[in-house]
Each structure stands twice: as structure tokens, then as C-alpha cells.
Amino acid sequence: MNANPFTQQFAGPPLASLSPSPSWLPAGLSQLFGVTSLLAMMSSGNYFWDSAKLFILGSIIETGRRFCKWFIERFRFRYSMTARFAEGDPAYDWIILFLTEENVWRRSRDFYVNSKTSARKFGINISSGEQHEEDTTDYVPIYEIPQLFWWKGYWLEIRREQGSPQLSQHQGRNMMYSSSVMYLTIYSLDMTVLKSLVDEAKRRYVEVSKPNVIIHSTDLRNGGPFSWSKVKSKVRRPLSSIILQEGVLESLVEDAQEFIDSEDWYVEAGIPYRRGYLLYGPPGTGKSSTIYALAGELGLEIYSLSLSSDYIDDTLLQTAASLIPKRGILLIEDIDCAFPSREEEEESMEKQLEYHNPMFGMPQPAKRSAVTLSGLLNIIDGVESEEGKFFIATTNYIDRLDPALLRPGRIDKKVQYSLATKQQASSLFTRFFPESRYGKSITETKGPTTEQPIDEKTPLLSESSDPPLDLPALAAQFAEGIPEDDFSVAEIQGHLLSCKTRPLEAAQGVTAWVAAEHAERAARIQREEKRKAKVKEVKDKFAARGGGVGMPAFGGYPSFGGMPGLPPVLPPDFSAPMEATVEAAVEDSKGAKEEELPLVNGNGKKAMVNGNGRDAGASDSE
Ligand SMILES: Nc1ncnc2c1ncn2[C@@H]1O[C@H](COP(=O)(O)OP(=O)(O)OP(=O)(O)O)[C@@H](O)[C@H]1O
């Protein structure tokens, strides 16, 4: 049968003859003996058998490895549970803080080193393993290496996975994103271990965060699904530092506290459990400061969105709202920037119709943001807003807001902020120069004496006076110099900051400061009027040259260059809004550059100026 010499050469002896297993051995062991004899046969130096030996050894090792893996997985599956914490979820921050405090990463050899910023990070101190407030650097362990640790009688394992970069499409743009996930494996089947660990992590987080207000925001410039990925902490501001007219702040805090305490009442009455506030008034009057102080007082976290960001649309807004936990504040600052009011929309449509060229399709309503009014109303009304959440919006221009947004149920409380009264000016002065520091201590700070060494913490006043300063009188003098309802608190604060250790100078210099501010405003108004006059002049010239914009000719087309009725030969930028075209022409015609507008108010923010030279609302601005 074995006629082939090659097979004869490599066939070797018959297997049966190589199996010396005694008949009294059990079948399994006989087989083992078979394997042994096979190995013995392989050691004969034959090339084929050497290869077979390696193959079999490899197979045995691989089988063993797979078996171990299977066994570990089975063990994990049967005797452990794994919780997943996704970046962007508040629980992710809790668990990171917990791990840092537990010193789980002490064996870590890889760190991100960040200079300390207000961005929320839980770094460790390399030298002692503890967190030091005064450190200027954060050492944040790179969590990718799995770590096993012991906690309250249980073995736990933690590992983080950085998701691979993925491509996502948002508003027609391709974006890359990646986010990380933390896996916590607990070697126990007792679910309460997981719960008590998460509760403990949250409790520690709240404790650590107490002196701060936590502000969540988002940065979707890199794409990916929405998450509140940016977390900052701001030092908590005491309510007493907010200077408003009497009772305003107290009533807001009382209302918010009552809301928090009356969940059952809302449920029983079948009223959606949410509360909406609108804070409105001129810039720099304390709207944002109030919100931060309120959040700090009630221990609430802020989730802040800017609707003017081009990446926020209705869908993202909905997701953002749904990711805010109970008792969170959804804060939308300058809500008027999101979209024009219905009147503005109509006005813009009318304007476009007036200047309309059919070549460019139907006119579209003015649009400032990808968020629509109905989208926003849905968020305020929707299911997402019924979990004890606050919705707080601020605006400088309440008149620009759609009445639908302001109706009770959506906005439950409107708080008006005004320019400073004399009373507020006086209180601000007293806050800057408290009696405790600047009153009686003035004589003490003239210089060290042998009997009374200077406490290092006592501020050294640059003004010395004999007799000591009468601070209440200075506060009254200061308030007297500030015209009622003319400056924002931020503007007054700007003046006080310029002489923050010199109360006398602050009070005596107030009249000069007010005069300088008024002169500055008058100059600004003049510049603005000049600019408007130039715009008008160019507009008129443009119309006189036969631009004919706004004068539809025969056939419905505006006339250009005396060719009525024919589809016009358009100037290259006709499709641009008329105002922009004219503004560009003015810029060209200006030659010498004028100062930039829009205007900037005392606190460095953009402001509009009305006839009195004050920051003003929509009706005052153009
Ligand atoms: N009523 C106030 N009490 C105490 N500080 C104030 C008050 N108003 C303004 N400030 C101070 O002025 C600065 C700006 O205030 P804030 O940002 O709260 O004003 P705002 O009304 O929110 O302004 P905007 O409308 O421009 O956002 C802050 O430094 C704040 O401390």
C-alpha cells in the first residue's frame, strides 16, 4: 500500500507499537501515555516530528491561556459587577474625586501636569499624596492602567478607556471627538456595595465643592455627542456681597428655597415641578452675580449654555436639558441674543421684501442662532424640565423677548435690575472700605510702635490721616456725588477699584470721576452720530446714482443703471444686506480710521448708548 518512497520515509513506525500504556491504566491516562510516547518519538531529531512537537506544545499553551481567560471571565461574570461612568456625567466627577481621595493612583507613574486653573480637576500632590490648595500645579494621574484596590472589605478594580476618535457630523460639519469611560468592577454580588460607594463619592464631592459654585458648560467645537464636558468652580460669593434694592435678593432666595422644599406639593397639585426666573436690566447691574450667589447659597450647580454658539441647535438643547440632574440650574445668559423677537422677524422680512430681488429666492426671517423659539419653549415646557430644575435666563433687553417666553409657567418670576441708586453707591463704598479695616485701625497703621506690632494681615493704608477717617461721612459724600440711576454698579465698582486702598481719594474724587465719565459718554454719542450721518450720506448718494434700491421698477425688479424692468446687472455684493453694503462703503470713504464701535461700558462689556448717554435697551439702540 505504501508504494510512495516519500511517505515511506516519513511515515515512521506504526502508532500502536509506540503506545506502551499498560492495559490496567484508565482510558484518559492511556491517552496521556500516548501523548508521552508521541513526544518521545518526536525527540528522535526528525524535522517533521520537531515541527509537530512545537505545534502541539503551542496548542497546549494556547488552550491553557484561553481556559484561564474563560475561567477569569466566568468568575468575574458570576462573582463581580461592573459599573460604567461616562465622561460628562456628574457621576464621573464624583468617582474621580473618590479615587483621588482614596489614593488609588499612588502607584501611577503617568501624569498629566496642568497649571491650576478654575477648570475642575482632581489632581494629587506628588510628594505627600494629598491635595494642597496652595499648590499651583495639578498632577492628574493618567487613569488608563487598571488599578486594584481594597475598600471596606471588598476588592475593586478601576480602569479607564479613552474612546477612539470618531467622526461625527453636526450641522453639516465633520468633527472628530473622543470621550472616556471609567469602569469600576466590584468583586461582590451585593448591589448595595455599589450604591454605598456611589453615595460616598457623591457626598465627598458635595463636601469638597461646598466653598465653590460648580459651573458646567460645554465645548462641542471638537464634535461628538453632547456632554457637559467643561467644569469650573468659582469661589462661592456671599449673598451679602450683592448690593440690590432692599428685599429683591431675599425674595428671590426665599422663592427658590420654597420651591426646593415643596416637591410633594407640586406632585399632588399636578403642576410641573420646575421654576423659571428671568433677571433683566442694563449690563453690569449684578444679574450674573446674583445667580452665582443664589447657587452657592442653596448648594445648586449651574449648567450654563450660550444660545448664540453656532453649534447649539434644538436637538442639542434638548439633550443638554435632559442631562441636567435634579436641582440643577439651566442658565441661559443674554437670552435675547438667541433669536429676534417676532416684531424683529417681521421687520426684517418687510425690509427684505422691500429690497427683494426674486433671483435670490424668498426672503428669510432674521436669524441669530440655530435654536428656534419653539425649540426653546419645548425645553422649558417639556418633560426634561419637570424634575425640580431651575431655568434662569438673563437679558439686557426684555423688550426683545417673545411674550410666549415670558408667560407664567415658563418664567415664574421676573427680577428687574436698575442702574445704581445713591443707597447702593453708599453700600458699595462701605463694602470696599469697611469700618473694621479702615475706620478705627487708621491710627494703628501709621507705623509700628514698640508696644503694638502691626498684624501682617492688617492692610497698610496708603492714606494716613489725623484725626481718623469718618467712613460713614465719606460714604455719604461718595453717594452724594453719584447721580441717581445713572451708572451701573459695575461702573462704580470700576472707580472704587482704581483707589481700593484710599477711601478719602475715592470719596473726594467722585465728582471728577463722574464728570470724566459724562464727557466720555458725550464723546461716544458724538462719534456714533457722526457714523450714522455718514451711513445716511452714502445711502443717499447710492440711491441718487440710480442704485434705486427700494424702488421696484417695471416687472418688479429694482432698477439699476437706468435699465428698468430687466433683470438687473447686480453690483457684486448686492446679495449682502443693504446696511452692510453701505457700512462697507462708509468704511472705504472714511480714509482715516475712527474708533471702533460697538461701545464698551465701564465694566469692559459691550453696551448701547441712548440719548442720555446711558446703557439702554432695544428701543434706544440701533
Ligand atoms: N448689584 C451688585 N452688587 C454687587 N456687585 C455688583 C452688582 N452689580 C454688578 N456688580 C459687580 O459688577 C461686575 C459685573 O456684574 P455682573 O456680571 O453680575 O453684571 P450683569 O448684570 O450680569 O452684567 P451683564 O448683563 O453684562 O452680563 C461684577 O464684578 C460684580 O461684582
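Two strands are said to pair if DSSP finds at least two bridges between them, and strands themselves are DSSP runs of E of at least two residues, as helices are runs of H or I of at least four, both numbered from the N terminus. The model is predicted, so that local features need pLDDT of at least 70 and side-chain atom pairs count only at pLDDT 80 or more, while totals for chains, interfaces and linings use all residues. Residues are numbered from 1 along each chain as its sequence is written.

By this criterion, β11 pairs with strand β14 (residues 389-395) in the parallel sense over 7 bridges, with Leu-279 having Thr-394 of β14 as its bridge partner. β11 also pairs with β15, again in the parallel sense, over 4 bridges, and here Tyr-277 has Lys-413 as its partner. Of the 7 residues of β11 (residues 274-280), 7 are buried (20 or more other C-beta atoms, placed from the backbone, within 10 Å of the residue's own), so the strand is largely enclosed by the rest of the structure. Arg-274, Gly-276, Leu-278 and Tyr-280 point one way from β11, whereas Arg-275, Tyr-277 and Leu-279 point the other way.

These strands belong to an open sheet of 7 strands with mixed pairing, in the order β10-β9-β12-β13-β14-β11-β15. Because β10 (230-235) and β15 (413-416) stand at its edges, each with a single partner strand, one side of each is left without a neighbour in the sheet. β10 runs antiparallel to β9 (residues 212-217), to which 6 bridges join it, and Ile-214 stands opposite Ser-233 in β10.

Notes
A residue is buried if 20 or more other C-beta atoms lie within 10 Å of its own, exposed if 12 or fewer, and partly exposed in between; C-beta atoms are placed from the backbone.
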